[in-house]
Amino acid sequence: MLEAGDRAINRVLSQDNGTFVGTTVQSGGQ
Amino acid sequence: VKSPCLLGLETEYAIFGDRPRGNALAELMRQAEFRLRHATSARRRDLFLQNGSRLYLDTGGHPELATPECTSPSELVRYVLAGESILSELLQFMNRSRIGSTRLYRANVDYSGAGTSWGCHESYLHRTDPSRLPDSLIPHLVSRIVYAGAGGFDPLAPGIEFSLSPRVAHLQRAISTDSTYNRGIFHTKNEPLSSRGEHRLHLLCGESLCSHLASWLRAGTTSLVVAMIEGRRHPRGIALKDPLGAMKTFAADPDCRREVPAASGPPLSALAIQRKYLEAAEACLEESFFPDWADDVCREWRAVLARLESDPSELATSLDWPMKRALYTRRLELRGLTWESISRTSGLLSAARRAMDPLTDRFKAWETVLRCQDGASFAWQRLSSHTRCPLGWDELEAFLQFRLELFETEIRFGELGPDGLFTQLDLAGVLSHSAPGVSGVARAVSDPPATGRAKIRGDTIRELGATAELRCDWMHLWDLTGRRVLELSDPFASTASWRTLSECEWESIRGRFDILASL
């Protein structure tokens, strides 16, 4: 699981090109 | 004859994309109205679907899916998955247009410092005096996060603090009447949506989950606890001195070992509280107030508690928070870090934040300083000198970059569609999170549950949705073309009985739905 997780996380982080969604998704909740 | 159960789940999804949020939301609902057979409600952008569920834009500007009324945890999980499948398909259609890309997330908290939390609200129909519920139920809600927590990080902490249940940071009291501010572990809302005299327990302390087993267990165990309270067979002697403090303690303890003060008697761990509920449930298996799936729930409940007691990491492929804990531990190790070293740095940041803004201690102010690149190094030197913090600016900068990376991973874990980290792991076959009886998801995209008003609602929308003008709420379905109404105030209704609207009712309905005079 950990190896598959590493691959998936690295793929996601490289897609983002440094523009992280994680700290910009903020509005719309309640 | 076993008692029927009825439960449901409403999930708020975070939306993000490279087009304005309002446009993305409007386009999502436009696609839904165009592609899904539906009946509209009295509100704009609010649809009841042919599988009995409801898709709408909720206050705050996010899409929300409510499952149809379900009779078992397996059925509930099936309809959550069917709903997410519907949303994923709508996103695919949206993103084909090349106007922009939109993503949806099973997110529970934001990590921007804005303090946003997306809800995942549970409903359980019951026949108990509602005033009896909080004392008997709160210890369960506080401790069930050991298997039902989504995992992630404390969104209000300046450093990196793993949490079994990030939404706990947004709970402010044990009992509340509000759902958007001053949220409580127990929510007093009681809108029964039933004419039979039942009540509806509405919980807002839970989280959107990826693991089918975690979602199934949460629904199953909570249903059984509610049934035990109804049958006056719930465990005694587990009231907590400070429920909210206890929940925060449990959320910050991935070892699941910490104990908290009881209202009377010796301190209790989350696992000890859960054991008490489980043992009480196992003693009720033959009782008529228990549903026929109670055996399955107790068996899985017992197995999960045993593995948590042995070593929570044994559940790293099965439950949400242990999955995330394993993945993030790996990220730390790749950087030569440990949770202990991270914890020390986070402690220093907390101290610095307190020193910087002793009056308000607001996260926003802290973030503002750190993001002001020119002044940040200088500000940090001043602060670290003031707080005697041994952390240098370069180390701090690397730590904060890593923090962003973890938050990104955390949000992307629950992304709907093939790019989501959880989905990728599941497709890779490295997870073992299946739950008993959760199958037939593809069929549930178009078919309602097999019984109750959900079936009548869904079947009617499928049959008439393309030819008649339908309006709907949870307890009615109006056929404006045929000037008739289906009364669905009995959630266990088994037959569809249309009634012709009187002239007076018709005028009232026309006004309510603001329909065109030509109808």
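How many helices and strands does chain B have? Chain B has 17 helices and 19 strands; both are DSSP runs, helices being H or I of at least four residues and strands E of at least two, numbered from the N terminus.

This is a predicted model, in which local features need pLDDT of at least 70, side-chain atom pairs count only at pLDDT 80 or more, and totals for chains, interfaces and linings use all residues. Residues are numbered from 1 along each chain as its sequence is written, chains are lettered from A and ligands numbered from 1 in the order in which they are written, and side-chain values use heavy atoms, leaving out hydrogens and water.

**View 1. Chain B as a whole.** The C-alpha trace of chain B spans about 80 × 60 × 45 Å along its principal axes. Its radius of gyration is 24 Å, which agrees with the value near 24 Å for a compact globule of 519 residues. That radius is taken over C-alpha atoms, and the globule rule is 2.2 Å times the number of residues to the power 0.38. Of the 519 residues, 58% count as buried. Buried means under 20% relative accessible area, exposed over 50%, and partly exposed in between, with a 1.4 Å probe and protein chains only. Chain B exposes about 20,800 Å², and carbon and sulfur atoms supply 49% of that area. Areas come from the Shrake-Rupley method with a 1.4 Å probe; for residues, only the protein chains shown count as cover. Among contacts (heavy atoms within 4.5 Å) between residues at least 6 apart in sequence, 66% join residues at least 24 apart.

**View 2. Chain A.** Chain A has one helix and zero strands. Of its 30 residues, 57% count as buried. Chain A exposes about 1,400 Å², with 45% supplied by carbon and sulfur atoms.

**View 3. Confidence in the model.** The model scores ipTM 0.85 and pTM 0.93. Chain B has a mean pLDDT of 90, and 92% of its residues reach 70 or more. Over residues 359–363 of chain B the pLDDT is below 50, and this stretch has 11 contacts in the model beyond near neighbours in sequence. The pLDDT is the predictor's confidence in each residue, from 0 to 100. Where it is low, the predicted coordinates should not be read in detail.

**View 4. The largest nonpolar core.** This core holds 118 residues. Leu137(B), Tyr147(B), Phe153(B), Phe290(B), Trp301(B) and Leu308(B) touch the most other members. Helix α5 (residues 212–230) of chain B gives the most to this core, with 11 residues. Apart from it lies another core of 19 residues, including Leu25(B), Leu28(B), Ile86(B) and Leu416(B). A nonpolar core is a set of buried Ala, Val, Leu, Ile, Met, Phe, Trp, Tyr and Cys residues joined through side-chain atoms within 4.5 Å. In soluble globular proteins, nonpolar side chains tend to be buried together.

**View 5. Around Phe290(B).** Not counting residues up to four places away in sequence, Phe290(B) touches Lys2(B), Ser3(B), Leu224(B), Ala227(B), Met228(B), Ala281(B), Cys284(B) and Leu285(B).

**View 6. The loop between β4 and β5 of chain B.** Ser53(B) is found in this loop, between β4 (46–49) and β5 (54–58). Ser53(B) counts as buried because its relative accessibility is 2%. Its side chain makes a polar contact of 2.6 Å with the side chain of Asn51(B). A polar contact is a pair of N or O atoms within 3.5 Å; within protein, one must be able to donate a hydrogen and the other to accept it, and residues adjacent in sequence count only if both atoms are side-chain atoms. Leaving aside neighbours within four places in sequence, Ser53(B) is in contact with Leu47(B), Phe48(B), Leu65(B), Ala66(B), Thr67(B) and Pro68(B). Gln50(B) also has its place in the loop between β4 and β5. Gln50(B) is buried, with a relative accessible area of 18%. With neighbours within four places again left aside, Gln50(B) is in contact with Arg37(B), Ser446(B), Asp447(B), Pro448(B), Gly458(B), Ile461(B) and Arg462(B).

View 7. Arg45(B) is not a glycine, yet has a positive phi of about 55 degrees. Arg45(B) is found in the loop between β3 (38–40) and β4 of chain B. At 28% relative accessibility, Arg45(B) counts as partly exposed. Leu193(B), not a glycine either, has a positive phi of about 55 degrees. Leu193(B) lies between β12 (184–187) and β13 (199–203), in a loop of chain B. Leu193(B) is buried, at 17% relative accessible area.

**View 8. Arg167(B).** Arg167(B) sits in the loop between β10 (162–163) and β11 (173–176) of chain B. Its relative accessible area is 0%, so Arg167(B) is buried. From Arg167(B) to Leu334(B) is 28 Å in space, C-alpha to C-alpha, and 167 residues in sequence.
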